[in-house]
Amino acid sequence: MNHNANDTTTADPFEVRLRRDLNGIAASTPTGQRNRFDPALGTLALAERPPRHNASYLLAAAAVAALTVTGLVAISSRSTPEPAATAPPASATLPATTSAPDSTTSVANDAQTPITVAANNAVIEPTLLTTSNLPSGLILEDGGSTASSGAAEVELVTPDNSASYRILWQAATCIGGSFSSRADALDALAAQQDSPTDEPRDLYVEWCEGPNYFAVYGTGSTTDGLVTLVSTVTAAADSSELTFVPPVGTQYRSELVNRTWSALAYRDGDRSLLIKVTSAISGQIPLSLAQVPDGQTLSVGPFTAYRMGEQPSPQLLLVYDDNTLVFISGDNLTDQELADAAAALQPADPALAPPVSGNCETFGAMCG
Amino acid sequence: MPDPEFELVDARFQHFYDDQYASAVRLVRMLTGDSDIADDLAQDAFLRVYRYAQGANAPIENPAAFLRTTVTNLCRSWHRTQRSSQLRMVRHGAVDDTLTDSERELDHTLRRLPHDQRAVIVLRYWLGLSEAEIATSLDCRPGTVKSRHARAIRTLRKELS
């Protein structure tokens with residue numbers, strides 16, 4: 001993987017500069033060499049190695065895989081799976097600390113009326129879960145919970161899931177000209193005009209305006225579609241509200257600003273199971289699940305789940321109750337073992353997943 | 001007592017790791033724009049290649065290319081999941097003092113490109129890969145590489161001129 005191995009030289013001064021500056025950026029990258037490759041630092045320890053008693057690495061690494069799913073849920077796709085059933089089992093009700101209104105809304109006409117939504121600052125506690133059908137030999141290795149907060153966000157999706165958008169905004173002081181004005185950002189976006197042969201693709205644009213930073217992501221969108229949406233976006237000076245004109249027919253919702261993530265990890269040698277839960281709001285979840293790309297729908301016990309990933313690391317995504325989205329993933333487990341574990345999800349003692357100090361240090365990418 | 005076969009695999013892999021580690025870290029940095037996570041993602045990529053090699057019936061024909069594809073895939077996943085985190089950069093205004101003005105300008109502009117366009121630029125102009133090799137790494141058609149390249153170059157020329 002050494003660079004410039006098959007160098008395609010060019011006399012174009014711009015490309016010469018490009019090559020030179022890329023080399024400069026690469027050369028500035030610190031490569032603090034890890035002298036020995038250590039598989040035990042990753043998701044799986046080899047069976048020949050003694051089990052680790054501190055599972056922080058396991059949680060953090062497994063969370064990378066789980067978060068991939070999270071990203072997929074949040075970002076959406078062009079596939080068109082059926083929304084999952086969301087009926088919780090009778091035993092699956094733990095109260096949320098705060099309830100929030102269901103903000104999923106249909107935009108049913110062509111009036112192009114501006115919509116204003118408030119930043120969704122609700123604090124929702126997911127239900128910590130374990131399973132009563134743990135794959136043979138696995139034992140609890142670690143657990144933890146953490147809270148994360150980010151930019152306010154609105155998600156939009158077309159009825160057929162062929163396109164979706166995310167609008168993020170937050171108060172910010174834009175430093176050093178790192179981000180352009182909206183007009184410049186739109187110019188840059190327009191420069192990426194679609195050609196007839198292009199497949200639908202991911203696009204994004206970001207800009208600063210007044211006291212707010214904005215980013216808009218489009219999946220399966222045309223450049224024109226994204227430009228049209230971006231042109232309508234404004235936010236209140238205190239960042240509490242966002243106004244935009246949704247593309248005709250799209251559903252929209254305001255995503256949670258604050259999330260709680262909790263997880264329990266089980267392990268037996270190189271076989272492991274991670275049950276990870278995060279905050280959700282009733283009524284918004286079907287919209288999330290509708291955006292899961294390439295997920296295979298299957299029934300596991302009382303749940304409808306989406307199966308993603310391949311052996312030896314399959315993953316399931318499902319809704320447990322009105323406040324809880326579940327990511328359950330395994331390493332070196334069979335599909336049946338994973339499905340059986342998912343079908344037998346049940347509330348767990350929150351003491352098993354105490355708050356993790358330092359947030360992202362231990363949970364890494366789980367912080368979302 | 002350690003299994004000698006595993007030790008042999010480990011020794012071979014260690015050699016591969018020693019040879020490719022710095023390049024992998026740099027590729028992560030180039031594809032994500034983030035030095036802080038480069039070590040971790042590179043390590044994760046090696047781990048995945050190692051696990052694959054252990055389970056494979058035949059040797060990996062081109063381990064370096066396999067690693068490159070793995071790194072590229074991990075960076076794409078990272079990019080999808082870290083968009084919120086990018087917002088924090090706005091507040092902190094991170095600046096890399098080790099870069100020249102020209103490099104910093106390019107770095108900022110690259111960050112604003114869609115991941116797939118950025119990857120095409122990095123793979124072509126830094127790694128010097130052919131269109132076919134880039135298509136393999138990104139799991140797309142050569143024609144798609146060509147169109148992404150055209151769009152990326154158009155944007156870069158405009159932004160950097």
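What follows is a short tour of sheets, a loop residue and salt bridges.

## Before you start

This is a predicted model, so to speak of local features a pLDDT of at least 70 is needed, side-chain atom pairs count only at pLDDT 80 or more, and totals for chains, interfaces and linings use all residues. Residues are numbered from 1 along each chain as its sequence is written, chains are lettered from A and ligands numbered from 1 in the order in which they are written, and side-chain values use heavy atoms, with hydrogens and water left out.

## The seven-stranded sheet

Let's begin in chain A, where seven strands make an open sheet in the order S4-S12-S13-S17-S16-S15-S14, with antiparallel pairing. The edges belong to S4 (139-149) and S14 (296-300) of chain A; each has a single partner strand, so one side of each has no neighbour in the sheet. On average, neighbouring strands here are turned by 25 degrees against each other, direction ignored. That angle is taken between axes, which are lines fitted to C-alpha atoms, and angles run from 0 to 180 degrees between N-to-C directions.

Strands (E, at least two residues) and helices (H or I, at least four) are DSSP runs numbered from the N terminus, and two strands pair if DSSP finds at least two bridges between them. For one pair, look at S16 (residues 315-321) and S17 (residues 324-331) of chain A, which pair in the antiparallel sense over six bridges. Within S17(A), Leu325(A) is the bridge partner of Val319(A).

## A three-stranded sheet

Chain A also has an open sheet of three strands, ordered S2-S10-S9 and again paired antiparallel. Here S2 (115-118) and S9 (234-235) of chain A are the edge strands, each with a single partner, so one side of each is left without a neighbour in the sheet. S2(A) pairs with S10 (residues 241-244) of chain A in the antiparallel sense over four bridges. Val117(A) has Leu242(A) in S10(A) as its bridge partner.

## A loop residue

Thr250(A) sits in the loop between S10 and S11 (251-255) of chain A. Is Thr250(A) buried or exposed? With a relative accessible area of 1%, Thr250(A) is buried (buried means under 20%, exposed over 50%, partly exposed in between, using a 1.4 Å probe and protein chains only). A polar atom of the Thr250(A) side chain lies 2.6 Å from the backbone oxygen of Pro247(A).

## Salt bridges

How many salt bridges are there over all chains? The count comes to 15, a salt bridge being a side-chain nitrogen of Lys or Arg within 4 Å of a carboxyl oxygen of Asp or Glu. One of them joins Arg182(A) and Glu209(A), at 2.6 Å from N to O. Arg182(A) belongs to helix H3 (residues 182-190) and Glu209(A) to strand S7 (residues 201-209) of chain A, so the pair ties together parts that are 27 residues apart in sequence. Arg182(A) is buried at 12% relative accessibility, while Glu209(A) is partly exposed at 33%.

Over in chain B, Arg48(B) and Asp44(B) form a salt bridge (3.2 Å, N to O). They are four residues apart in helix H2 (residues 38-55) of chain B, which means about one helical turn separates them. Arg48(B) is partly exposed, at 33% relative accessibility, and Asp44(B) is buried, at 11%. Glu131(B) and Lys146(B) form another salt bridge, their closest N and O atoms 3.5 Å apart. Finally, Arg17(A), Arg20(A), Asp21(A) and Glu105(B) are joined into one network by salt bridges that share partners.

Notes. A polar contact is a pair of N or O atoms within 3.5 Å; within protein, one must be able to donate a hydrogen and the other to accept it, and residues adjacent in sequence count only if both atoms are side-chain atoms.
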